[in-house]
Amino acid sequence: MEFFRIHRTIPFMRHALLLNIISAVTFLAAVFFILTRGFHLSIEFTGGTVMEVSYAHTAQLDSVRGAVSKLGYADFQVQNFGTSRDVLIRLPLAEGQTSSQQSDSVLQSLKAADPSVELRRVEYVGPQVGRELVHNGLMALLFVVLGIVVYLAIRFEWKFALAGVIANLHDVVIILGFFAFFQWEFSLSVLAGVLAVLGYSVNESVVIMDRIRENFRKQRKAEVAEVINGAITQTISRTIITHGSTQMMVLSMLFFGGPTLHYFAMALTIGIWFGIYSSVFVAAALAMWFGVKREDLVKPAKKDGPEVA
């Protein structure tokens, strides 16, 4: 399906060097901020108190957040849990207070705003659990990257596989760099968004690589840069449809999903835009510089054997 068709090939690879220099600078800046500023980890990673409360009617989350913030908490999470009447509250560790003392003070503040609230359960999440989550998250990221390498290597060949992995890691590091620079809260939902971006970005790279392989079959005498430019130009309409519709959904979560989905949607938004950029200017350009050629992607025709008398 195409909204439009561009009949003149756009010379994307003409500006590949300049744009990849910008990418390298952005990548190094992201690494610098990650190493120097670190992440503002959520309660799931650092530990804290988890409360589940229930209301006799639909809970007003803004009112709950207001009651909790009056107690001096800055980094906390409030979200619906199961039904619209049940609310899950995550509180950071408070010096000099136990989980029981924290839950009592919060419950009193909630009852002052709405006497119908009832406490269902209180749990303490220790830092050890947070370390396990960090380890499991990094292992998940590692296995996703390895899976992408194997998939691209089988479907194409090592030059495209290496270019695709570098481009995808470029997207992930830049997302993490944004979260480190602005000190946005990094939670499990954000980690899920980062993993989703990996799959999303590789899909765009595969579409372009497939078209490059098709063009190598059709344009036997064309230069490699010309073949790549043609492949990217031919997939622009598909890119606009796919990423435009996805971005509209993500923006709805970003603006209307509330605090629970805000940073998850932010990670996806950054990932979508940098995923388009990296698939076009990073993955394709790296494959060209690695020396990809027609023989790498198109198997030569088998020659007939000698005739038997």
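Helix α10 gives the most to the lining of the largest pocket, contributing five residues. Keep in mind as you browse that this is a predicted model.

**The largest pocket**

- The space inside the largest pocket comes to about 420 Å³.
- Its lining is made up of 22 residues, and those closest to the centre are Phe-76, Gln-77, Glu-185, Pro-259 and Thr-260.
- Two or more lining residues come from each of β3 (77-81), α7 and α10 (258-289).

**How α6 packs on α7**

- Two packed helices are described by the angle between their axes and the distance between the axes.
- Here, helix α6 (residues 158-182) and helix α7 (residues 188-218) have axes that come within 10 Å and cross at roughly 145°.
- The crossing of α6 past α7 is right-handed.
- On the α6 side, the contact is made by Phe-160, Gly-164, Asn-168, Asp-171, Val-172, Ile-175, Leu-176 and Phe-179.
- On the α7 side, their partners are Val-190, Val-194, Val-197, Leu-198, Ser-201, Val-202, Ser-205, Met-209 and Ile-212.
- Sorted by type, the residues of this α6 and α7 contact are 12 nonpolar, four polar and one charged.

- Ile-175 belongs to helix α6 and has a relative accessible area of 0%, so it counts as buried.
- Setting aside neighbours within four places in sequence, Ile-175 is in contact with Val-194, Val-197, Ala-267, Ile-270 and Gly-271.
- Between the C-alpha atoms of Ile-175 and Leu-133 there are 19 Å, with 42 residues separating the two along the chain.
- Phe-216 sits in helix α7, and its relative accessible area of 3% is why it counts as buried.
- From Phe-216 to Pro-259 the distance is 48 Å, C-alpha to C-alpha, and the two are 43 residues apart in sequence.

- Gln-183 is placed in the loop between α6 and β6 (185-186).
- Most residues other than glycine have a negative phi.
- Gln-183 has a positive phi of about 55°, although it is not a glycine.
- Gln-183 is partly exposed because its relative accessibility is 28%, between the 20% and 50% cut-offs.

- Thr-269 is found in helix α10.
- With 13% relative accessibility, Thr-269 falls in the buried class, which means under 20%.
- Not counting residues up to four places away in sequence, Thr-269 touches Gln-247, Val-250 and Leu-254.

- Asp-86 is part of strand β4 (residues 83-92).
- The relative accessibility of Asp-86 is 13%, so this residue counts as buried.
- Apart from neighbours within four places in sequence, Asp-86 is in contact with Val-53, Ser-54, Gln-79, Asn-80, Phe-81 and Arg-120.
- Asp-86 and His-57 lie 9.2 Å apart in space, C-alpha to C-alpha, and 29 residues apart in sequence.

Technical notes:
Residues numbered from 1 in each chain as written. Predicted model: local features only at pLDDT ≥ 70, side-chain atom pairs only at ≥ 80, totals over all residues. Heavy atoms only, no water. Axes fitted to C-alpha atoms, helices over the stretch in contact; angles between N-to-C directions. Helix = DSSP H or I, 4+ residues; strand = E, 2+ residues; numbered from the N terminus. Left-handed = near helix turned anticlockwise from the far one by under 90°. Contact = heavy atoms within 4.5 Å. Nonpolar A, V, L, I, M, F, W, Y, C, P; charged D, E, K, R; others polar. Buried < 20%, exposed > 50% of the residue type's maximum accessible area, 1.4 Å probe, protein only. 1 Å grid on protein atoms, 1.4 Å probe; cavity = no way out; pocket = protein on both sides within 12 Å on 5 of 7 lines; lining within 4 Å. Points joined across faces, edges and corners; volume = space filled by probe spheres on them.
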